[in-house]
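Thanks for coming, everyone. Please take a moment with the sequence and the model, and then we will walk through a few places together.

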Amino acid sequence: MELTTTVNDETRVVEVDGTESAVDLVRDGLGLTGTKLVCGSGVCGACTMLVDGEPVLGCLTPATRLRDASVTTVEGIARRGGDDGGGDDLHPVQRAFAHHDGLQCGYCTPGFVVDAVAFHDRWRAEHGTDEPDRQAVAEALAGHLCRCGAYEGIYRAVAAACRGEHDAAGGSGEHVERVERVEAPAKVTGAAVYTTDVVRPGMLHAAIRRSDHAAGVVGPITFPDGVLGIDVLGEDRRVRWAGQPIAVVAAETQAEARRLARELAVPFTPEPFVIDPDEAARPGAPLVYATKADRKEAPTASEGAPMPAPWDGNVHGPSRAPFLGTLAKRRIRSARSEGRKGLVELEFHTAAQLHTAFEPHACVADWSDPQYLRVWLSTQGVAAMRLEIADHFDLDPTHVEVVAEHVGGGFGAKLGLTMEAVAAISLSRLSRRPVRLVLDRHEELTGTGNRPGSRSRVSLLVDDDTQAVRALTVDTDSHAGIAVGNSVAALAMFLYDRTPRLARDVDVVTNAPPGAPFRGPGGPTIAWALEQTVDETAHRFGRDPIELRAQWDGNPKRQALYRWASALPTWQGRPATGSQTGRYRRGVGVAAGNWMYFVDPDCEVVVRVEAGRLVVSTAVQDMGTGSRTVLARAVAGVFDVEPTAVDVRLGLANSGATHGPASGGSRTTVSLWSTAVDAATSLRARIGTDLAGAPDGVSATAKRGGDRGMRAVPVTMGGIQVGRGFSAAVHVSEVEVDTRTGKTRVLRVHGGIAVGRIHAPVLARSQCEGSVIQGIGLALYENQVLDPHTGLTLTANLEDYRIPQLGDTPEIDIHFHEDGWDRVPGGGVGLGEVATISPAASVGNAIFNATGWRPLTLPVRPDRLLEGLRAGGAR
Amino acid sequence: MSVTILTAYDQRPDGLDGLDGPDGTGEFAYRAGGTDLQERLRTTGATPHILDLTGVPGFAAVERTDDGTTLGAGVTVAALARDLAGDYPALALTAGGLATPQVRTAATIGGNLLQRTRCWYFRHPHTSCFKSGGDSCPARDGRHLYGNVFDTAPCVHPHPSSLAMALLTYAATVDTTQRDGLAVGEVLGDGSDPTRDHLLADDEVLTRVVLPPPAPGEQAAYFRSISRFEAEWPLVEAVVRVVRDDAGTVTSCGVAIGGVAPVPLRLAAVEALLTGSTLDDDTVARAAASAAQGANPLPETGYKVALVEATVREVLERVRG
């Protein structure tokens, strides 16, 4: 049926079929792609729009409700705020989001902005310029989620807008307004284009047919006449997990493609399978990989190739990292038989954590010109993807272009060449038409990766008198489904003295969806085990947990963080463990983090002058981690201009740079910054600072190169060189445990981060705050759940897969220790990983401090907490 | 595939009474706020005929008379929270405590009562269960962390309607296009037919909810035990309404819990303990303890036994002030 609606003050007549929702009408029918579809079930609020002035959910509101209504989408918000003498037309809330960096990847931002505008306008009408407290903001915006964890910035932005500080462009009164993240204006207005927003003329839509069985063999697939499809199974025709893609079909509309995929006949012979890791490890369990050849097909859950290790049934490993390992084992064995106080042995379990980037995996491939393949891809590595795509399709890389203008989060799950890209490209080659393939939330939460669950046994032996470390062994079984190559225990080699130790990592494969790298792969998992074991040791000997770590720790940067943490009032005011008896018990915990230093020495950056403006470009992408801003600030600093005076262009085709870093492994900023500074410095040496007088197109290029004499490992692999030294973090968390309902609230987190010089302080702080939020999710809420009988993912929606909300955000204080990296060009290294290692462990230790009960299993849900306290674990 | 949208307004300009489903055969669905249906349409790709009820005269009306208060089926959850806070605080607090502000703006009282189960098996596109055409409950032998603690029916997931729980404490009734004065229990049943979330016929539309006259001096409390700040289906939820005399003695009360059984439960034994008491510590403790009596948890829901007691205790202490 046809309906008339007014959208952003424009009358539109559109055709609807009646089952679709308002977000479908707005995005697909009207082409207003600022509004985003994320969860599709009314949980995340990304699709929020105003209908007759009321915020409504675009995904749950029937499209027919827009009939004769006045609709305002994020694209229409600016005009509503334009009459305040501002000049830039933005609503005060939009400017406040930009000023306070209330966003990272930006994919949830349109929904937050629209609802915050409604809240702001209501609040101002009732309360003038009084500031709303956090509770009021959290309740008003309870229907929104942000996976990057930009909640602190969102609180700051909404409060400042309500105080009236952003009523005029540039700031009101004494408040000077800045745009911290250079692309923030595009993100708060809905103008930023993500892969999911790309529409090409004549575009086909593709959908994936997935297996609903966990194991079996698929016969030949015959596509119905006239149906364009490809088979995406391997040569062995084998399905190994429920949700595995079998075939991909394309059609004129997404609904039609989904229907064709659903109805496709798939000859399937089920086979035995195993979901539970304990069962998988037993003799006689169904084998996930039956032959030696099969095992070579196992994907890796890590960023590098898996270490060679033996197989025994479904058990791959151990891969061993020893330092006087036999001695470590012998010391622990004899301490055990002697019943020594100094031996602390604990077993820890972690649940699989899903990345759930808010922009799903998405690809638009356009191979309609046989000589040139253009790929819009939601990826963490445009440069690497160009090479991988060229290799996969046997093309000259110069005939391939990979575009990722904005990326709605990745967290590690978008580093490789994933199946949706291969499928879309293949279908485009067959049809010679552009093909779009976008995963829905169910697919995204099932099969695009996870931080694997695990079991770790830790034995830590200290001297009974001095508490000097005598030995450490860590044995970790990782549960990455069909994937192998986990490295968790091995990360325990890099902390706390060079004492005898042995780390063993084992993969137990099952017919479950594959794990994938996730921010600091293995890091939060080992910290959960090791840092609690250290805490238990301190408790046993009545030692201050910070002071005990400081006694062992040879990292001078972390020593500085220990001094900072010890002096915090939060730490100094911590209660004695188990001393509290009331319903609500407060506790404070500490944990340390450690990460490697990586750099991409092949990174190139080009700086040029175009029409009197500085333009900096390289083959990088920005998933909210701030690469645009880092490049702009580097160049602006050399020319002594504002960062917003520098244009940033990302991607190969429009840069002239041959290579740029992936956004992963904390290698991006440290690769970009000094390279951009070098290029800008050499350009300035040529043209001075008179940009208007510079010849148009004059440019300079610089290449990062390695750190001279500073490699830890003398090879470069996959764009990564391992540099010397470790970055460091210390987190101090304060929690409040409600012993009646089992709910834990994190009240306050202090994060000390030692990565040297910070190149974009406001953005760096945002990212570290996001690490804390994700750590709280890992600690308290997030838990992939599979059906034990089918292997189907039950937590394939954001209702059942629970990520932190705005109201779960503690007060977060981020402290940067900027010394210690002077030998690295630019003076600082990456922080994406190191900031994410220790938050969850610090929460675990805080719960122990509060209750006397040590949570060994993640997440610490109310049921586990109640059971733990009930079972008399409390001291 | 063609889709028919029928609007009830076109069909029956006088209102919902006597409304029929669409002629002919095929799948069809009633739609009010759409907050449940639209999600299921997206997940399953189904394209049923839709009978959209919005816009019918009286659909969203609140009518107060001496005999009580009549709520049109289309009254939104947000309107309940806002407009009934003075007269019916137990219902208003419950309404204000569920879902998110945007969902409360759209969702209706009728839809809340008649929504489908939120079980993760039912909502999964590749499983089948009693409620989606299958002949078993895969959650029973599978994962049911959020399942019932009073395991009295073949399906193990609790009924999702928080408003039904609150309405039980008022002994509210429900009118449909075919019947008047149904108790909430008659609409939702007892879960013994695991294929259904409610017992209305396919061609029967819920039209009104009727509340008794407000109880002067009613005080109420609502609490939902969840893991996060807000916006989460309850592990256990409870609501209480009391009227006390000048001496602080409870003269009448209603207590109900949700998230625990095939349908929300009114707790007569708890009410009996409270009535005539001053909500002293001892009575509150005994009442809370009695709330969990008869619980027979599933393997993964043992924690809810303690949580039922804790949640009831919480609302009793809150209402005591």
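**Two helices in chain A**

Let's start with a pair of helices. In chain A, helix H15 (residues 523–540) packs against helix H16 (residues 545–552) at an angle of about 110°, and their axes are 9 Å apart. That angle makes H15(A) roughly perpendicular to H16(A). One thing to keep in mind: this is a predicted model.

Which residues make the contact? From H15(A) we have Glu531(A), Val534(A), Asp535(A), Thr537(A) and Ala538(A). From H16(A) come Pro545(A), Leu548(A), Arg549(A) and Trp552(A). Sorted by class, the contact of H15(A) with H16(A) has 5 nonpolar, 1 polar and 3 charged residues.

Now step back along the chain. Asn511(A) sits in the loop between strand E23 (501–508) and H15 of chain A. Is Asn511(A) buried or exposed? Its relative accessible area is 3%, so Asn511(A) is buried. The side chain of Asn511(A) reaches the backbone oxygen of Arg240(A) at 2.9 Å. Leaving aside residues up to four places away in sequence, Asn511(A) touches a list of residues that includes Ala214(A), Ala215(A), Trp241(A), Phe273(A) and Ile482(A). Arg240(A) is on that list too.

Next, Ser456(A), in strand E21 (residues 453–462) of chain A. With a relative accessible area of 2%, Ser456(A) is buried. What does Ser456(A) touch, not counting residues up to four places away in sequence? The answer is Leu346(A), Glu347(A), Phe348(A), Asp475(A), Thr476(A) and Ala529(A). With Thr476(A) there is a polar contact, side chain to side chain, at 2.9 Å. For a sense of scale, take Thr35(A), 421 residues from Ser456(A) along the chain. Their C-alpha atoms are separated by 43 Å.

**A loop residue: Gly416**

Gly416(A) lies in the loop between strand E18 (400–403) and helix H13 (419–431) of chain A. Its relative accessible area is 34%, so Gly416(A) counts as partly exposed. Gln380(A) is 36 residues away along the chain, yet the C-alpha atoms of Gly416(A) and Gln380(A) are separated by 8.1 Å.

**A four-stranded sheet**

On to a sheet in chain A. The sheet is open and has 4 strands, in the order E27-E26-E25-E28, with mixed pairing. Why do strands E27 (646–650) and E28 (699–703) of chain A have one side without a neighbour in the sheet? They stand at the edges, and each has a single partner strand. From one strand to the next, the twist averages 20°.

Look at one pair inside that sheet. Strand E25 (residues 604–610) of chain A pairs with E28(A) in the antiparallel sense, over 5 bridges. There, Glu604(A) stands opposite Lys703(A) in E28(A).

Two helices lie across these strands. Helix H20 (residues 668–687) of chain A lies across E25, E26 and E28, at about 40° to E25(A).

**Over to chain B**

Last stop. Strand E8 (residues 206–211) of chain B pairs with strand E5 (residues 68–72) of chain B in the antiparallel sense, over 4 bridges. Here Gly72(B) has Arg208(B) as its bridge partner in E8(B). Strand E6 (residues 173–176) of chain B also pairs with E8(B), antiparallel and over 4 bridges. In that pairing, Val174(B) has Val209(B) of E8(B) as its bridge partner.

How values were computed:
Residues numbered from 1 in each chain as written. Chains lettered and ligands numbered in written order. Predicted model: local features only at pLDDT ≥ 70, side-chain atom pairs only at ≥ 80, totals over all residues. Heavy atoms only, no water. Pairing = 2+ DSSP bridges. Axes fitted to C-alpha atoms, helices over the stretch in contact; angles between N-to-C directions. Contact = heavy atoms within 4.5 Å. Buried < 20%, exposed > 50% of the residue type's maximum accessible area, 1.4 Å probe, protein only. Polar contact = N/O pair within 3.5 Å; in protein donor to acceptor, adjacent residues only side chain to side chain. Parallel < 35°, antiparallel > 145°, perpendicular 65-115°, else oblique. Nonpolar A, V, L, I, M, F, W, Y, C, P; charged D, E, K, R; others polar.
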